[in-house]
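The following note sets out points for a colleague reading this model.

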Amino acid sequence: MTTVDLNADMGESFGPWVMGQDEALLEVLSSANIACGFHAGDPDVMATAMAQAHEKGVGIGAHPGFADLQGFGRRRMHLPEKTLRHMVQYQLGAALAMARGQGADVRHLKLHGALANMAAEDEAMAQACYGAALEVAPEIIVMVLTATAQQRAVERLGCLWAGEIFADRAYNADATLVDRSLPGAVIHDPAVAAPRIVKMVEAGAILPETGTPIPAAIDTICLHGDGATALEIARAVRRDLEAAGIAVRRFEGRRGAF
């Protein structure tokens, strides 16, 4: 049977300010990417999100981003490589500690927002981020935007990795995501998102808005947790996948070239 993982970004609330529908999404997902406090989240929020994910048997991931609370980590920053590496290690260290405090483990790492988009375009930047993480946690599974520079970086590093596509984002012809500022970049309709994802999983390829299908390692599907229709999209994607005979399970990670 074909299997695929479903993941979403979580733990993005801050103090009394609430973002997302974490508890409800945990009923649908198999993996959760927990914000590490730089772009979103705080220690209390991290602990709660990790405890809830652990209780539900959902795989926990560290989700580091730029130090950009006001911009939610979606503003591009240009940092020296040393600073970039330390930024990732600092956040991963926080995630490892908070998970251990909840009796849980961090099994994967996924870059957030602008940091992820820049690493999808720049293999050296991706390798710096992932290499820094692997110095701290050598067996962590690195979740990458499939068919981008992120994937080339993990293939070169020889680490465990999982390829990711997005249920609610449109793709360019080079497998990068359409910029959020452009019309149609974000998909809000579950009736559009769900069947589109089934087609991609069955094809083993990204289906961009224009251009030909891009063969891709599709191990996990991201469902953004902060949108108004996030929960509806998550439920629709899981329902349509299972109706097509595709089981939802946590990824195990692959090593080497796709």
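1. The largest pocket holds about 510 Å³ of space. Its lining comprises 31 residues, of which G113, A114, N117, R169 and L177 are the closest to the centre. The model is a predicted one, and this volume should be read accordingly.

2. Which element gives the most to the lining of the largest pocket? Helix α4 does, with six residues. At least two lining residues each come from α4, from β5 (141–145) and from β6 (160–166). By class, the lining divides into 11 nonpolar, nine polar and 11 charged residues.

3. Helix α3 (residues 81–101) has 21 residues, and the distance from its first C-alpha to its last is 30 Å, close to the 30 Å expected at 1.5 Å a residue. Its buried residues are L84, R85, M87, V88, Q89, Q91, L92, A95 and A99. An α-helix has 3.6 residues a turn, so residues three or four places apart point the same way. Among the elements that cover the buried residues of α3 are α2 (43–56), β3 (59–63), β4 (108–109), α4 (113–121) and α5 (123–136). Just after α3 comes G103, with a positive phi of about 75 degrees.

4. Helix α7 (residues 190–203) has 14 residues and reaches 20 Å between its first and last C-alpha atoms, close to the 20 Å expected at 1.5 Å a residue. At its start, a side-chain oxygen of D189 comes to within 2.9 Å of the backbone nitrogen of A191. After the helix follows G204, whose phi is positive and near 65 degrees.

5. Against which elements do the buried residues of α7 pack? They pack against β6, β7 (205–206), β9 and α8. The residues in question are A193, A194, R196, I197, V198, M200 and V201. P195 also lies in α7, but it counts as partly exposed because its relative accessibility is 32%, and buried requires a value under 20%.

6. Buried in α8 are A230, L231, I233, A234, A236, V237 and L241. The cover over these buried residues includes β1 (3–10), α1 (22–25), α7, β9 and β10 (247–248). G245 follows α8 and has a positive phi, near 85 degrees.

7. Beyond its neighbours within four places in sequence, P195 is in contact with P190 and D240. The C-alpha atoms of P195 and L241 are 8.3 Å apart, although 46 residues separate them along the chain.

8. T229 is in the loop between β9 (220–222) and α8 (230–243). Its side chain reaches the backbone oxygen of H188 at 2.6 Å. T229 and P190, 39 residues apart in sequence, have their C-alpha atoms 7.6 Å apart. Is T229 buried or partly exposed? T229 counts as partly exposed, because its relative accessibility is 24%, while the limit for buried is under 20%.

9. T148 is located in the loop between β5 and α6 (149–157). This residue is buried, with a relative accessible area of 2%. Leaving out its neighbours within four places in sequence, T148 is in contact with A120 and A175.

10. Most residues other than glycine have a negative phi. A175, in the loop between β6 and α7, has a positive phi near 80 degrees and is not a glycine. At 3% relative accessibility, A175 counts as buried. A175 is also one of the contacts of T148 described above.

11. F72 likewise calls for a check of its backbone angle. Its phi is positive, about 55 degrees, although F72 is not a glycine. The residue is in the loop between β3 and α3. Why does F72 count as buried? The reason is that its relative accessibility is 11%, and buried means under 20%.

Terms used: Residues are numbered from 1 along each chain as its sequence is written. This is a predicted model: local features need pLDDT of at least 70, side-chain atom pairs count only at pLDDT 80 or more; totals for chains, interfaces and linings use all residues. Side-chain values use heavy atoms; hydrogens and water are left out. Helices (H or I, at least four residues) and strands (E, at least two) are DSSP runs, numbered from the N terminus. Buried means under 20% relative accessible area, exposed over 50%, partly exposed in between (1.4 Å probe, protein chains only). A polar contact is a pair of N or O atoms within 3.5 Å; within protein, one must be able to donate a hydrogen and the other to accept it, and residues adjacent in sequence count only if both atoms are side-chain atoms. Contact means heavy atoms within 4.5 Å. The expected span of a helix is 1.5 Å times one less than its number of residues. On a 1 Å grid over the protein atoms alone, a cavity is a set of points where a 1.4 Å probe fits but cannot get out, and a pocket is an open set with protein on both sides within 12 Å along at least five of seven lines; lining residues have an atom within 4 Å of a point. Grid points are joined across faces, edges and corners, and a volume is the space filled by probe spheres set on the points. Ala, Val, Leu, Ile, Met, Phe, Trp, Tyr, Cys and Pro count as nonpolar, Asp, Glu, Lys and Arg as charged, and the others, Gly among them, as polar.
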